[in-house]
Amino acid sequence: MKAPAKSSGSSSPAVSTPAPSAAPDPGRKPGEHGGLDLFSLLAEHEHEQVSVYYDPSTGYRGIIAIHSTVLGPALGGTRFWNYQSDRAALIDALRLARGMTYKAAVAGLNLGGGKSVIIGDNRTTRREALFRAHGRHVESLKGRYITAEDVGTSTSDMEFIKAETNHVTGLIGRSGDPSPVTAYGVYRGVKACARYRYGSDSLAGKSVALQGCGSVGYHLAKLLFAEGAVITCTDIDPQRVKRVVEECGAKTVPPDAIYDVRATIFAPCALGAVINDDTVQRLQVEIVAGAANNQLAEDRHGDEVERRGITYAPDYVINGGGLINVNAELHGWAPERARSKAGEIYDTLLRVFEIAREEGVPTYRAADRLAEQRIAAIAKVRRNFV
């Protein structure tokens, strides 16, 4: 059972949605009219709300998607990316928000799922005014959504947001950069995959094809190297690759060649949709376990991974350490408690694998069932967060 949907709308002072070519028909069902099909997109996975905010003085263009608040306020990071279109930005926000709901549910946290995206060049140096505009956008939702750091944003950016709203985590001097905890959770998840696949969770001598050497990928590489894993890595940024090569003795390949590396484990730690029609046939690994969100371009690619006999760690289960880290900040946990909670990803994944084996379903469906069971149970005893 998925989270029940609420009425959706925008809380922003300025809303940008494509105008219909003719007067809207009040009896029209979602999907019957061309264009953006906003409500059809929300209905597909029962999202509660999308808020779109435009600030002409700063050039800020932001989207906040709230998937579910059944378990608590929706929490999810702010992604700053130069999307090809507004539609692409919206779909990314919706997919990521849904993933956050399920991530919080399987991690046992009292949080819902949301995500925000800022459309633009994340290399800009004009950040304060932009992120303060984003902070006002977050504040307009009155606590239904809490933001944090994500791709293209930093702890410094969160400080700018904090000037406009208290609904932000990952602040300097508090939980800060979630990458080390995220990486630790992924590392524990990789070990769980090895335990399930080989009967031992030792990674000594195991070969890892690491895609993405950013903050999480770098910390993961350090943990894998310390246990004796052999790493082949790639990244679009040569400096990131250089650091992993120098500190972890890694080999390197061009970005597109990582899918052809013969290895024990493929660890995607960059952007999503990396397991798709092209790449799924090229993989020469026994385990896929990494930090990237939405690794499967479509659900059917999870079915194909299963068909090929590859053990897949569902992304929102294995990469839950970052969410656990910011939850720790919200509740005043000590850093050690956050790390320990992230370590529980090991046992959660083993439970997912057990469900998959017992019910004869791919692991991504088993993870969904585990999350949906908790959401349904809590939905019976509380109302959505408002």
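Figure 1. Among contacts (heavy atoms within 4.5 Å) between residues at least 6 apart in sequence, 68% join residues at least 24 apart. The model is predicted, so local features need pLDDT of at least 70 and side-chain atom pairs count only at pLDDT 80 or more, whereas totals for chains, interfaces and linings use all residues. Residues are numbered from 1 along each chain as its sequence is written, and side-chain values use heavy atoms, with hydrogens and water left out. The secondary structure comprises 13 helices and 12 strands, where helices (H or I, at least four residues) and strands (E, at least two) are DSSP runs numbered from the N terminus. Of the 386 residues of the chain, 54% count as buried; buried means under 20% relative accessible area, exposed means over 50%, and partly exposed lies in between, for a 1.4 Å probe and with protein chains only. The chain exposes about 16600 Å², and carbon and sulfur atoms supply 49% of that area, as computed by the Shrake-Rupley method with a 1.4 Å probe, only the protein chains shown counting as cover for residues.

Figure 2. On the side of β8, the two strands run parallel and are joined by 5 bridges; A209 has T232 as its bridge partner in β8, and L210 stands opposite C233 in β8. From β7 the chain crosses through helix α6 (residues 215-226) to β8 in a right-handed β-α-β crossover, that is, with the strands pointing away from the viewer, the path from the first strand over the helix to the second runs clockwise. On the side of strand β10 (residues 265-268), β7 pairs in the parallel sense over 4 bridges, and here the bridge partner of L210 is A267.

**Figure 3. The surroundings of Q211.** Q211 lies in strand β7 (residues 207-211) and is buried, with a relative accessible area of 8%. When its neighbours within four places in sequence are left aside, Q211 is in contact with T234, I258, Y259, F266, A267, P268, C269, A270 and V274.

Figure 4. Strand β8 (residues 230-234) is mostly covered, with 4 of its 5 residues buried. Its pairing with strand β9 (residues 251-252) is in the parallel sense and runs over 2 bridges, with C233 opposite T252 in β9. The chain passes from β8 to β9 by way of helix α7 (residues 238-248), and this β-α-β crossover is right-handed. V245 lies in helix α7 and is partly exposed, with a relative accessible area of 30%. Not counting residues up to four places away in sequence, V245 touches C233, A250 and T252; V245 and C233 are 12 residues apart in sequence, and their C-alpha atoms are 8.0 Å apart in space.

**Figure 5. The buried face of helix α4.** In helix α4 (residues 155-162), T155, D157, M158 and I161 are buried. Seen down the axis of α4, its buried residues fall within an arc of 150 degrees, so they line one face of the helix; the arc is that of the directions from the helix axis to the C-beta atoms. Among the elements that cover the buried residues of α4 is α3 (128-139).

**Figure 6. The side chains of S51 and H137.** S51 lies in strand β1 (residues 49-55) and is buried, with a relative accessible area of 1%. S51 and H137 are 86 residues apart in sequence, yet 8.3 Å apart in space, C-alpha to C-alpha. Their side chains are joined by a polar contact of 2.8 Å, a term for a pair of N or O atoms within 3.5 Å of which, within protein, one must be able to donate a hydrogen and the other to accept it, residues adjacent in sequence counting only if both atoms are side-chain atoms.

Key:
Pairing = 2+ DSSP bridges.
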